[in-house]
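Here are some notes for a colleague who is opening this structure for the first time. They are set out as numbered points, to be read alongside the sequence and the model.

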Amino acid sequence: SSVENGRPPDPADWAVVDVVNYFRTAGFEEQASAFQEQEIDGKSLLLMTRHDVLTGLSLKLGPALKIYEYHVKPLQTQHLKHSS
């Protein structure tokens with residue numbers, strides 16, 4: 001299995017630290033720690049709904065919306081394409 005930026009390419013294989021690093025790299029330094037605190041690994045990330053991201057992580061609404069729309073949702077879509 002190849003590795004991109006120190007992470008496995010399929011988000012389902014990410015450990016909590018991979019998820020945290022992904023969001024740090026994406027510019028969500030402050031919000032990344034919420035994923036650490038909630039122990040969100042790749043499999044959990046792929047199961048998260050918009051509601052989970054907006055309410056479950058205690059994030060500010062603006063960053064939470066961006067995290068979901070521009071990161072979580074595309075990762076889920078990409079994962080579904082690869083696994084189907």
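1. A residue is called buried when its relative accessible area is under 20%, exposed when it is over 50%, and partly exposed in between, using a 1.4 Å probe and protein chains only. The model is a predicted one, in which local features need pLDDT of at least 70 and side-chain atom pairs count only at pLDDT 80 or more, while totals for chains, interfaces and linings use all residues. Residues are numbered from 1 along each chain as its sequence is written, and side-chain values use heavy atoms, with hydrogens and water left out.

2. His 79 has 17% relative accessibility and therefore counts as buried. His 79 belongs to helix H5, residues 61–83, where helices (H or I, at least four residues) and strands (E, at least two) are DSSP runs numbered from the N terminus. Leaving aside residues up to four places away in sequence, His 79 touches Asp 10, Ala 12 and Leu 46, a contact being heavy atoms within 4.5 Å.

3. Helix H5 has 23 residues and reaches 31 Å from its first C-alpha to its last, close to the 33 Å expected at 1.5 Å a residue; the expected span is 1.5 Å times one less than the number of residues.

4. Is Tyr 68 buried or exposed? Tyr 68 counts as buried because its relative accessibility is 11%. Apart from residues up to four places away in sequence, its contacts are Met 48, Thr 49, Arg 50, Val 53, Lys 73, Pro 74 and Gln 76.

5. The buried residues of H5 include Ala 64, Ile 67, Val 72 and Leu 75, and what covers the buried residues of this helix includes H1 (16–25), H2 (29–37), H3 (42–47) and H4 (50–56).

6. A nonpolar core is a set of buried Ala, Val, Leu, Ile, Met, Phe, Trp, Tyr and Cys residues joined through side-chain atoms within 4.5 Å. In the largest such core, which has 23 residues, Phe 23, Phe 35, Leu 45, Val 53, Leu 57 and Ile 67 touch the most other members. H1, H2, H3, H4 and H5 each give two or more residues to this core, and the largest share, five residues, comes from H5.
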